[in-house]
Amino acid sequence: KNAEQIKALYTELHKIAPTQDWERILKVSKKILGLSVNEKKAFHCKTVCLIQMEKFDEALSGIERNHEARDLYFEKSYCEYRLNRVEEAYKTLKQCNQMTNKEKELLAQITYKLEKYQESYEVYRDLVKNSDDEYDNERKTNFSAVVAAMRTADPSVTK
Amino acid sequence: LEKIALTDRLDIYLEDSSLCTQANVARLALNFEPVQCKPLFFDLALNHLELPNLEDKIEQKQQSQQGVK
């Protein structure tokens, strides 16, 4: 009975996901978690909703309390980044051993904030080369900010 | 000399009677100084924040249910 209800809720979740109506998606996710605490995907959905609603504290404490959510490195790190706990965000992200573009994008932003410009530069160079989305201009803008910061810190940097 | 603000002539001694009445202690409107601007920097990581793929959740449940039947 429970499994059936959960499946129905997941079907609903799947249907409303493209609406980006985070309040509603959050509600359904919480319903699933109410039926079964161990539904990892529902927890993941809940976390994404909270972040989209800028409730970073709530999202983060949720992740910290849930052992099943230990591999939500990206989400955890992003919350820490937005809560200005940038050192922690860096450490969290470094635990992820298989970085895809989304982790790299966050890493590049974190290292920029931490003034680790060399590292940020390397990550952005890789990202600019290997990303294929509509944010190319924004990414290049960020890259330029890193290069400018590097030059300010050390005027001998030419490239 | 009395017209120069006191903060700008600290090393010059002057028996300044005007200090008792209308004191010209410091200039109020400070000069503007150029500072480096903060470059634009976009939060692109937020665009990567997506809901997990639920496709398998629906599939799996269907399969396991068929198995039960």
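This is a predicted model: local features need pLDDT of at least 70, side-chain atom pairs count only at pLDDT 80 or more; totals for chains, interfaces and linings use all residues.
Residues are numbered from 1 along each chain as its sequence is written, chains are lettered from A and ligands numbered from 1 in the order in which they are written, and side-chain values use heavy atoms, with hydrogens and water left out.

Now the fold. Chain A has nine helices and zero strands, taken as DSSP runs (H or I, at least four residues, for helices; E, at least two, for strands) numbered from the N terminus. Its C-alpha atoms fill a box of roughly 70 × 30 × 25 Å along the principal axes. Of its 159 residues, 44% count as buried, meaning under 20% relative accessible area with a 1.4 Å probe, protein chains only (exposed is over 50%, partly exposed in between).

On to the core. Which residues have the most contacts inside the largest nonpolar core? They are A:Tyr10, A:Leu13, A:Leu106 and A:Ile110, in a core of 54 residues. Helix α3 (residues 40–52) of chain A gives the most to this core, with seven residues. By nonpolar core I mean a set of buried Ala, Val, Leu, Ile, Met, Phe, Trp, Tyr and Cys residues joined through side-chain atoms within 4.5 Å.

Not counting residues up to four places away in sequence, A:Leu13 touches residues including A:Ile25, A:Cys45 and B:Leu54; contact here is heavy atoms within 4.5 Å.

Next, A:Ala59, in helix α4 (residues 56–65) of chain A. It counts as buried because its relative accessibility is 1%. Beyond four places in sequence, A:Ala59 touches A:Thr47, A:Leu50, A:Ile51 and A:Cys79.

Last, the largest pocket, with about 470 Å³ of space. Of its 16 lining residues, the closest to the centre are A:Tyr112, A:Tyr117, A:Ala149, B:Lys38 and B:Pro39. Helix α9 of chain A gives the most to the lining, with four residues. A pocket is an open set of points on a 1 Å grid over the protein atoms alone, where a 1.4 Å probe fits, with protein on both sides within 12 Å along at least five of seven lines; lining residues have an atom within 4 Å of a point. The volume is the space filled by probe spheres set on the points, which are joined across faces, edges and corners.
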